[in-house]
Amino acid sequence: MFRSLQRPMMALTAARHNVQRRGMTVISSKSAEEYKKQNYTERMEKKGMPVSPHVMIYSFPVVALSSITVRITGVCLWLGMGGIAAHSLAGGDPAMLMASIGDTSILGTAGKFSVAFPMSYHFLGGVRHAYWDQTPEAVTNEQVEKASYAVAGGSVVLTGIAMMM
């Protein structure tokens, strides 16, 4: 009974939204071979359907980039801690390894940055989200964008301070 009601509803929805329904396409073995020879773009052009553009043509808003960066820094911190744990489990001395890396000037600077920036950015991103959780009225387009710039600027300052130590 439900299926008999479903078809008229689908037709009504298609008519209401000006959607054309087409019948099932039967593919012979010859047409299947032709289908396999065409790539996705060619098949969509043949049907007259647009191809979705690739993500990289879009200009991401600052807020999206900030959110992505918080996630990436979290993964980097997790991988770093996992590496230190694996080194320790293998019988190494992480403190001695870090001291030896810190002794070389270029590796020491890169090492300090690779720890300080993700730590500060991820921390400030967490503070920002904790603030938003406590004050949802502060979550407006303008405030969110300003907070994203503040997180970026604050993490640069904290990273600079940490690298001078």
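Which helix supplies the largest share of the lining of the largest pocket?

## The largest pocket

In this predicted model, the largest share of that lining comes from α6, with 7 residues. The pocket has a volume of about 450 Å³, and 16 residues line it. Three helices, α4 (62-89), α5 (94-103) and α6 (105-134), each provide at least two residues of the lining.

Nearest the centre of the largest pocket lie Gly 80, Ile 84, Gly 111, Ser 114 and Val 115. By residue class, the lining of the largest pocket comprises 9 nonpolar, 6 polar and 1 charged.

## Packing of α4 and α5

Two of the helices that contribute to the pocket lining, α4 and α5, also meet each other through side-by-side residue sets: Ile 84, His 87 and Ser 88 in α4 are in contact with Pro 94, Leu 97 and Met 98 in α5. The residues of this contact divide into 4 nonpolar and 2 polar, with no charged residue.

The axes of α4 and α5 come within 9 Å and cross at roughly 120 degrees. The two helices are therefore oblique to each other.

## Confidence of the prediction

For the protein, the mean pLDDT is 82, and 79% of the residues reach 70 or more. Where pLDDT is low, the predicted coordinates should not be read in detail.

How values were computed:
Residues are numbered from 1 along each chain as its sequence is written. This is a predicted model: local features need pLDDT of at least 70, side-chain atom pairs count only at pLDDT 80 or more; totals for chains, interfaces and linings use all residues. Side-chain values use heavy atoms; hydrogens and water are left out. On a 1 Å grid over the protein atoms alone, a cavity is a set of points where a 1.4 Å probe fits but cannot get out, and a pocket is an open set with protein on both sides within 12 Å along at least five of seven lines; lining residues have an atom within 4 Å of a point. Grid points are joined across faces, edges and corners, and a volume is the space filled by probe spheres set on the points. Helices (H or I, at least four residues) and strands (E, at least two) are DSSP runs, numbered from the N terminus. Ala, Val, Leu, Ile, Met, Phe, Trp, Tyr, Cys and Pro count as nonpolar, Asp, Glu, Lys and Arg as charged, and the others, Gly among them, as polar. Axes are lines fitted to C-alpha atoms, for helices over the stretch in contact, and angles run from 0 to 180 degrees between N-to-C directions. Angles under 35 degrees count as roughly parallel, over 145 as roughly antiparallel, 65 to 115 as roughly perpendicular and the rest as oblique. Contact means heavy atoms within 4.5 Å. pLDDT is the predictor's confidence in each residue, from 0 to 100.
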